[in-house]
Each structure stands twice: as C-alpha cells, then as structure tokens.
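Please keep the sequence and the coordinates in view while reading.

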Amino acid sequence: MGSGTTVTAQREFSGGPMESPAELDCGPQPFVSGAVQEESPAANPLLEDLRRRLMRALQRTVARWGSRRAREAAAAAEAAAEAAALEEQSRARVESALGRLRAELLEMRFQNHQLARTLLDLNTKMQQLKTEHELEIASESQSLEDNAVNQEHDLNP
C-alpha cells in the first residue's frame, strides 16, 4: 500500500476534505538540512490556494475589527451627541428658570417701590395729622385759657 492509500483512508476516516497541505501525497520528498524542504510543482497551487484563503480570512478579520472599531467610534460619537443634546436641554431649562426668576425679581422690585412710596405718603399724612392735632389742642387750650380769663374778668370787674 502506497502513501496515496493513506491519504484516501485519512479522508474517509475524517469524513471530509484534506485539512492541510501536508496530507497531499506528492511522492517522496527530498530531505534538506534544517526545517526547510523544497516544494514540488504540484504543491504550489495548493499552497497558493491556502495562502489566498489565509489572506482572505485575515482581511475579513481586519475588516471586522475595523468595522467594530468604526461601530464603537460611531457609538461614542452618538453618545457624545446625546450628551451634548442633554447638556443643551439642561442649559435651556436653566436659562428659562433664570429668566422666570429675573421677571419675578423685577416684579418684586416694582412692588417694593410701590410699597415704599405708599409708606412715605402715609408717613407724610401722619405727620400732617399730628401737626393738625397739636394745633387743634393748642387752639383749644388757648380758648380755655381765654374763657377762664374772661370769666375771671367778668367776675372781678
């Protein structure tokens, strides 16, 4: 039984195609000192096919890795955009609240001025009434004194 039979038996036992170029029966290989062996012309197409498959697998892996990084970058950019939008909404709410507070403070300032004006007017009125009352009391007091003096005068002619 030759080595070709071994390859056929291995294929039948494994249930599938060859797993590596080493399984190919290319006849006896000359031994070269070291680990390097000369490639036979029949092995070149198989090695070239394997090289192409490995390159495609590597390219797909790099593409997946790149697309994953692109997705991560897109997700990070989207998250940053959402954060910026939330920050802008928060800033808008704060500005709106500050605007309402400013309006309320202006209204309170206006009311404060009105109250101060009213208090000053009331104070002026109270001072006027106090002065009028003092004058009235003084006038009554003078009238009483005048009456008393007149009565005394009338009694002592």
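In which helix do aspartate 49 and arginine 53 both lie, and how many residues apart are they? Both belong to helix H2, where they are 4 residues apart, about one turn of the helix. Helices here are DSSP runs (H or I, at least four residues), numbered from the N terminus. The model is a predicted one, in which local features need pLDDT of at least 70 and side-chain atom pairs count only at pLDDT 80 or more, whereas totals for chains, interfaces and linings use all residues. Residues are numbered from 1 along each chain as its sequence is written, and side-chain values use heavy atoms, with hydrogens and water left out.

The side chains of aspartate 49 and arginine 53 form a salt bridge, at 3.2 Å from N to O. The term denotes a side-chain nitrogen of Lys or Arg within 4 Å of a carboxyl oxygen of Asp or Glu, and the structure holds 5 of them. Aspartate 49 also forms a salt bridge with arginine 52, with the closest N and O atoms 3.8 Å apart. That pairing can be understood from the helix, because aspartate 49 and arginine 52 are 3 residues apart in H2 and thus separated by about one helical turn. Through shared partners, salt bridges join Asp49, Arg52 and Arg53 into one network.

Aspartate 49 has a relative accessible area of 22% and is partly exposed, a class lying between buried (under 20%) and exposed (over 50%), computed with a 1.4 Å probe on protein chains only. Arginine 52, at 39%, is likewise partly exposed.

A further salt bridge links arginine 51 to glutamate 48, whose closest N and O atoms are 2.4 Å apart. These two residues are 3 residues apart in helix H2 (residues 43–155), so about one helical turn separates them. Arginine 51 is partly exposed at 44% relative accessibility, and glutamate 48 is partly exposed at 31%.
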